[in-house]
Amino acid sequence: MTRRTTALSATVALAAALALTGCSSDADQPKLEVSGAFMPQPVMDMAGGFLTIKNDSGTADKLTSVTSPLSDDVQIHETKNQKMRQVTSFDIPANGELKLERGGNHIMFMALKNKPKQGDKVSIELHFEKADPIKVELPVEAATHNPQQH
């Protein structure tokens, strides 16, 4: 009888431990919000995308990829010393923000399936290391559009 009780106690303890580790609180989840999103009207068969991701939580995250029906090859690029290069992720600091802007880090749409015109909207989905994906509509602006820097 003692073996059965010990085995039952071990099983209950293991189940409780697994239940606790499976319950991550929402406080651990990054709280991300996207603003200022736009795409300048493409003049070639590729385009840039720009936006700001604000993180209102104490948990850092990473932007790991972007997908869109506009292109099967959407990349994230950093700009350093006036040179662009593809990267695998961008950090989104806890209680901070990630700015993707002209002349800096940005989203790059390669081999566009069509060329959106000013006034159109382009759907994208942002993918993160921790947070759930976020769907965003990028309004297509004039090719020269550059929002005022604050």
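Is Gln82 buried or exposed? Gln82 is exposed, with a relative accessible area of 81%. Here buried means under 20% relative accessible area, exposed means over 50%, and partly exposed lies in between (1.4 Å probe, protein chains only).

This is a predicted model, in which local features need pLDDT of at least 70, side-chain atom pairs count only at pLDDT 80 or more, and totals for chains, interfaces and linings use all residues. Residues are numbered from 1 along each chain as its sequence is written, and side-chain values use heavy atoms, with hydrogens and water left out.

## Overall layout

Helices (H or I, at least four residues) and strands (E, at least two) are DSSP runs, numbered from the N terminus. Read from the N terminus, the order is α-β-β-β-β-β-β-β-β-β-β. The chain has 150 residues, and 34% of them count as buried.

Now take contacts, meaning heavy atoms within 4.5 Å. Among contacts in the chain with a separation of 6 or more, 70% come from residues 24 or more positions apart.

## The loop with Gln82

Gln82 lies in the loop between strand 4 and strand 5. Asn81 is found in that loop too, between strand 4 and strand 5 (83–87). Asn81 counts as exposed, at 76% relative accessibility.

The backbone angles deserve a look. Most residues other than glycine have a negative phi. Asn81 is not a glycine, yet its phi is positive, about 50 degrees. Gln82 is not a glycine either, and its phi is positive at about 60 degrees.

## Salt bridges

A salt bridge is a side-chain nitrogen of Lys or Arg within 4 Å of a carboxyl oxygen of Asp or Glu. By this rule there are six salt bridges. The table gives some of them.

| Salt bridge | Closest N and O atoms |
|---|---|
| Lys113 and Asp72 | 3.0 Å |
| Glu78 and Arg85 | 2.8 Å |
| Glu125 and Lys135 | 2.7 Å |

Start with Lys113 and Asp72, which form a salt bridge. This pair links distant parts of the chain, 41 residues apart. Lys113 is in the loop between strand 8 and strand 9 (121–128), and Asp72 is in the loop between strand 3 (61–67) and strand 4 (73–80). Asp72 is exposed, with a relative accessible area of 72%.

Glu78 pairs with Arg85 in a salt bridge. Glu78 is buried, at a relative accessible area of 11%.

Then comes the salt bridge of Glu125 and Lys135. Glu125 lies in strand 9 and Lys135 in strand 10 (residues 134–141), so the pair ties together parts that are ten residues apart in sequence. Glu125 counts as buried, at 19% relative accessibility. Lys135 counts as exposed, at 68%.

## The nonpolar core

A nonpolar core is a set of buried Ala, Val, Leu, Ile, Met, Phe, Trp, Tyr and Cys residues joined through side-chain atoms within 4.5 Å. The largest one has 27 residues. Leu63, Phe109, Ile124 and Leu126 touch the most other members. Strand 9 gives the largest share of this core, four residues.

Val136 is found in strand 10. Val136 is buried, with a relative accessible area of 9%. Which residues does Val136 contact, leaving aside its neighbours within four places in sequence? They are Val34, Ala37, Val122, Ser123, Ile124 and Leu126. Val136 and Ile124 are twelve residues apart along the chain, and their C-alpha atoms are separated by 5.4 Å.

Ser65 is found in strand 3. Ser65 is partly exposed, at a relative accessible area of 28%. Leaving aside its neighbours within four places in sequence, Ser65 is in contact with Glu125, Leu126 and His127. Ser65 and His127 are 62 residues apart along the chain, while their C-alpha atoms are separated by 5.2 Å.

## The largest pocket

On a 1 Å grid over the protein atoms alone, a pocket is an open set of points where a 1.4 Å probe fits, with protein on both sides within 12 Å along at least five of seven lines. Its lining residues have an atom within 4 Å of a point. Grid points are joined across faces, edges and corners, and a volume is the space filled by probe spheres set on the points.

The largest pocket has a volume of about 320 Å³. It is lined by 18 residues, and the closest to its centre are Pro40, Gly48, Phe50, Arg102 and Met108. Strand 2 (47–55) and strand 8 (106–110) each supply at least two residues of the lining. The largest share, three residues, comes from strand 2.
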